[in-house]
Amino acid sequence: MTQMQLLTYEAIPGLAPKSTDGDVAQTIDLPRPQLAASMPLMAALSLRASTREFSTAPLPLDMLGALLWAADGVNRPITGGRTAPSPHGFQEIDIYVALPNGVYRYDSPTHRLILKHAIDARNMTGYQDFVGTAPLDLVYVVHSSRLLTMPASQRDIFSAVTAGAISQNVSLFCASAGLATVVRGWINHRLLGDALSLNEDELPILAQTVGLTTGRDEESGPAKA
Ligand SMILES: Cc1cc2nc3c(=O)[nH]c(=O)nc-3n(C[C@H](O)[C@H](O)[C@H](O)COP(=O)(O)O)c2cc1C
């Protein structure tokens with residue numbers, strides 16, 4: 001039996017989302033990424049690794065914008081094509097963005113965040129000690145009603161592949177920007193679905209924590225997006 005099979009997926013008694021501090025924006029317009037200013041792909045690949053220690057410092061908005069565009073942004077405006085592939089272009093994965101000041105859905109076509117729930121749900125996105133203190137947790141949610149024309153036997157695996165492509169885009173962006181990240185399958189699907197106010201046809205399948213590395217906080221300044 002592997003270590004992952006031995007992990008518990010039980011709900012943690014008493015665990016609840018936290019309230020947010022201050023005003024919660026209904027939408028957040030994200031800065032467009034600087035496409036010319038990034039590390040070469042092979043150098044980013046040589047740095048990609050899972051990290052499980054995060055600074056609690058917030059991510060700068062320009063970095064969040066670049067990260068989400070890299071994840072699954074529109075890179076071909078004429079067709080609406082995304083940076084990540086999806087079966088038949090169904091774009092069945094939504095990225096939920098759990099921030100200290102609310103849970104948002106990334107809307108790729110408008111490149112902005114749309115408020116889903118005015119709570120701090122970061123602590124609901126997994127079991128590990130950094131979850132809830134790192135500044136950002138992404139949750140990859142399958143919107144199964146977009147897959148109805150696909151044979152039922154293919155839906156789970158194809159949507160998992162799409163989520164994997166998105167998470168690898170995020171990992172490579174993080175490697176290139178000097179950010180810490182780890183992709184996480186150790187989540188409680190039902191608890192997280194409730195915390196994110198998901199509908200019946202939406203299922204969270206994977207999470208990914210992102211933050212500045214420890215030792216690189218506001219004083220030393222963030223990396224460039
Ligand atoms: C589908 C998937 C699920 C994972 N789930 C977790 C997780 O829940 N928690 C965690 O700390 N790491 C998780 N990982 C990260 C792996 O543990 C990590 O990739 C592996 O140990 C190899 O290390 P590396 O990414 O640094 O190469 C997951 C990776 C994948 C691909």
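How many residues has helix α4, and how far does α4 reach from its first C-alpha to its last? I find 26 residues (152–177) and a reach of 38 Å, close to the 38 Å expected (1.5 Å times one less than the number of residues). Helices here are DSSP runs of H or I, at least four residues, numbered from the N terminus.

The model is predicted: local features need pLDDT of at least 70, side-chain atom pairs 80 or more, while totals for chains, interfaces and linings use all residues. Residues are numbered from 1 along each chain as its sequence is written.

After α4 I noted G178, with a positive phi near 75 degrees.

Next I checked α3 (residues 61–72) against α4: their axes come within 7 Å and cross at roughly 140 degrees. Axes are lines fitted to C-alpha atoms over the stretch in contact, with angles from 0 to 180 degrees between N-to-C directions.

Last, I listed the residues around the ligand (C-beta, placed from the backbone, within 6 Å): A49, S50, R52, Q128, V182, V183, R184, G185 and W186.

Definitions and conventions
Helix = DSSP H or I, 4+ residues; strand = E, 2+ residues; numbered from the N terminus.
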